[in-house]
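Student: Could we go through the salt bridges of this model together?
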Amino acid sequence: MILKVARIGHPILRAPARVVPAEEVASRDFQRLLEDMVETMHEYDGVGVAGPQVHVPVRVAVIEVAASDERAREAVPLTVLVNPVVTPLGDEKEPGWEGCLSVPGLRGVVPRWRRVRLEALDGQGRPYAVEAEGFFARVIQHECDHLEGSVYLDRMEGLRTLSFLREFERYVASRDDDE
């Protein structure tokens with residue numbers, strides 16, 4: 001089922017999400033939530049979605065980037081993050097354009113850690129850890145921000161790059177394609 005996406009201004013996006021008890025992950029209801037989140041992410045052409053974005057205030061997110069996705073250099077298989085903990089690896093940050101299903105129609109440049117370590121439970125409640133860099137690291141950080149009550153706008157260093165999607169595609173993305 002496609003879930004309703006909360007938009008900026010809704011208080012659920014500004015509240016920290018609650019921890020998911022490990023024993024709850026395998027429940028039918030939680031598994032259905034994961035399926036619905038993936039379906040919602042695909043419906044809206046997102047690369048990730050977090051619990052609070054679909055009006056569920058729990059520490060869960062799903063991420064997937066298709067090989068054909070122009071936003072990334074490499075594919076990211078479907079990844080479920082339950083109770084994620086993100087640790088920067090190194091001091092290097094890099095700026096990059098971001099958008100958000102909860103902030104529709106806008107894009108902005110956000111500095112993010114270039115490399116991170118993610119520790120979380122998977123969709124079956126098993127612990128795992130992965131090191132990520134580039135776009136995958138960016139998406140992990142973006143989705144985990146939602147679990148803390150933040151959106152990408154909060155991480156922008158200023159608003160000078162904030163752009164409507166149409167103007168972004170016309171003036172920024174087209175320029176990047178030429179390079």
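Tutor: A salt bridge here is a side-chain nitrogen of Lys or Arg within 4 Å of a carboxyl oxygen of Asp or Glu. The model is predicted, so local features need pLDDT of at least 70, side-chain atom pairs count only at pLDDT 80 or more, and totals for chains, interfaces and linings use all residues. Residues are numbered from 1 along each chain as its sequence is written, and side-chain values use heavy atoms, with hydrogens and water left out.

Student: How many salt bridges does the rule give?
Tutor: The count is 14 salt bridges.

Student: Which residue does arginine 114 meet in a salt bridge?
Tutor: Arginine 114 meets glutamate 92, at 3.2 Å from N to O. Arginine 114 is in the loop between β5 (103–113) and β6 (115–121), and glutamate 92 is in the loop between β3 (76–88) and β4 (93–100), 22 residues apart. Strands are DSSP runs (E, at least two residues), numbered from the N terminus.

Student: And what about glutamate 98, which partner does it have?
Tutor: Glutamate 98 pairs with arginine 112, the closest N and O atoms being 2.8 Å apart. Glutamate 98 lies in strand β4 and arginine 112 in strand β5, so the pair ties together parts 14 residues apart in sequence.

Student: Are glutamate 98 and arginine 112 buried or exposed?
Tutor: Both glutamate 98 and arginine 112 are buried. Buried means under 20% relative accessible area, exposed over 50%, and partly exposed in between (1.4 Å probe, protein chains only).

Student: Changing topic, where does aspartate 122 stand?
Tutor: Aspartate 122 is buried, at 16% relative accessible area. Aspartate 122 forms a salt bridge with arginine 126, at 3.1 Å between the closest N and O atoms.

Technical notes. Helix = DSSP H or I, 4+ residues; strand = E, 2+ residues; numbered from the N terminus.
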